[in-house]
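Here is a short note for a first look at this model. Please keep the sequence and the structure open while you read.

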Amino acid sequence: MSDNNLKEQVKAARHADLYAFLVKYHDSDFKHEGDSLRPKNNHSISIKKGYNGYKDFSNDETGNSIDYITKYMGYTFLDAVSTLSGEPVAVNPIHIQQDGIRNVPLIFPSPVNGMYKNLFAYLLNRSISAETIQMLVNQKIMYQEKNRNNIVFINAERNFGEIRGTYTFGKAFHGIVPNSRHDGFWWCRTSKHASKCYICEAAIDAISLYELHKIQGNHEDAYYISIAGVAKQPAIDRLKSYKYKLVLAVDNDDAGQQCRNRNFELEYILPVNKDWNEDLQALSKKQAAV
């Protein structure tokens, strides 16, 4: 598929009749009010019949059909485009990237002006799917920085950032953006209404755990969190102050065990290998061999 064809497909998906789509595929999740729909779990949002978007009357937020099902219904960008347009998306994922991240805080590395080629190549090589990479780029919580081509995982609050090098020789650089919040963390979620949190050591581990859950058919509403280092107890303590169900998902090693000992009251899960990305890569190799 050419870039022009993809743009037309995205355009068609954005202008799809959201009301008709939701009635056809997700009617049980909505309440009918005249010629409008309201989500049963969020009555402030209205989707009007014949229109290609929604409005949230609590904050005047509006968006198109893609915006709604990716933000509120857990669809990936590619799934949204394919489902709303009625055509499968078949394209090199590196060419799908939309507008890059803008207006990052001054303390953060400047984003590259162009395609995130190093970012895509590195994460694809770690067995993370193109759909998930694109979803995180679209959510503007991950970008490629300009000077060193590192990946920057920036939280939605814009007060914490994790950095991962993209060079494949030697051990990849891993660090935190200077002056980030000391008890900060990076996160992504499957739903706005998520109440369960998986606490991982690194962003790639958090993303890998999400990928593993998706492969296993586990589609629960959850946050996948990186504290960017197993010793970051202040971040865990801050998470404990929230009314969420916390699950420790740190590495299967001595440092991870120390973390589990410090937080003995929390439920935990263990990767089979050292970390979740190793588990994901092992599964990918096993599937490829079949």
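Buried means under 20% relative accessible area, exposed means over 50%, and partly exposed lies in between, with a 1.4 Å probe and protein chains only. This is a predicted model, in which local features need pLDDT of at least 70, side-chain atom pairs count only at pLDDT 80 or more, and totals for chains, interfaces and linings use all residues. Residues are numbered from 1 along each chain as its sequence is written, and side-chain values use heavy atoms, with hydrogens and water left out.

1. Start with asparagine 277. It is buried, at a relative accessible area of 1%. Its place is helix H10, residues 276–289. Helices here are DSSP runs of H or I with at least four residues, strands are runs of E with at least two, and both are numbered from the N terminus. What does asparagine 277 contact, leaving aside neighbours within four places in sequence? The partners are Arg126, Ile128, Ile204, Asp205 and Ser208. Contact means heavy atoms within 4.5 Å. Isoleucine 47 is 230 residues from asparagine 277 in sequence, and the two C-alpha atoms are 39 Å apart.

2. Next, look at helices H5 and H6. H5 spans residues 117–125 and H6 spans residues 130–138. Their axes come within 10 Å and cross at roughly 140°. An axis is a line fitted to C-alpha atoms, for helices over the stretch in contact, and angles run from 0 to 180 degrees between N-to-C directions. H5 and H6 are therefore oblique to each other. The cut-offs are these: under 35 degrees is roughly parallel, over 145 roughly antiparallel, 65 to 115 roughly perpendicular, and the rest oblique. The crossing of H5 and H6 is right-handed.

3. Which residues make the contact of H5 with H6? H5 gives Leu119, Phe120, Leu123 and Leu124, and H6 gives Ala130, Ile133, Gln134 and Val137. By class, 7 are nonpolar, 1 is polar and none is charged. Nonpolar covers Ala, Val, Leu, Ile, Met, Phe, Trp, Tyr, Cys and Pro; charged covers Asp, Glu, Lys and Arg; the others, Gly among them, are polar.

4. Stay with H5. Leu119, Phe120, Tyr122 and Leu123 of this helix are buried. Their cover includes H6, strands S6 (142–144), S7 (151–154) and S8 (161–164), and helix H7 (203–215). Serine 127 follows H5 and has a positive phi, near 70°.

5. H6 also packs on H7. The axes of H6 and H7 come within 11 Å and cross at roughly 130°. This pair is therefore oblique as well. The crossing of H6 and H7 is right-handed. On the H6 side, Thr132, Met135 and Leu136 take part; on the H7 side, Ile207, Tyr210, Glu211 and Lys214. This contact has 4 nonpolar, 1 polar and 2 charged residues.

6. Histidine 213 also belongs to H7. Is histidine 213 buried or exposed? It counts as buried, at 7% relative accessibility. Not counting residues up to four places away in sequence, histidine 213 touches Tyr198, Asn218, Glu220 and Tyr224.

7. Now the rings. Rings of Phe, Tyr and Trp (its six-membered ring) pair if their centres lie within 6.5 Å; planes under 30 degrees apart are stacked, over 60 edge-to-face, and the rest tilted. The count by this rule is 10 aromatic pairs. Tyrosine 223 and tyrosine 244 form a tilted pair, with 5.4 Å between centres and 50° between planes. Tyrosine 223 is in strand S12 (residues 222–226) and tyrosine 244 in the loop between helix H8 (233–240) and strand S13 (245–248), so the pair ties together parts 21 residues apart in sequence. Tyrosine 223 is buried at 8%, whereas tyrosine 244 is partly exposed at 33%. Elsewhere, ring pairs link Phe30, Tyr54, Tyr68 and Tyr72 into a cluster.

8. Last, two backbone points. Most residues other than glycine have a negative phi. Asparagine 149 has a positive phi of about 65°. It sits in the loop between S6 and S7 and is partly exposed, at 22%. Asparagine 179 has a positive phi near 70°. Its loop runs between strand S9 (174–176) and strand S10 (186–189). Asparagine 179 is exposed, with a relative accessible area of 67%.

Note on methods: Left-handed = near helix turned anticlockwise from the far one by under 90°.
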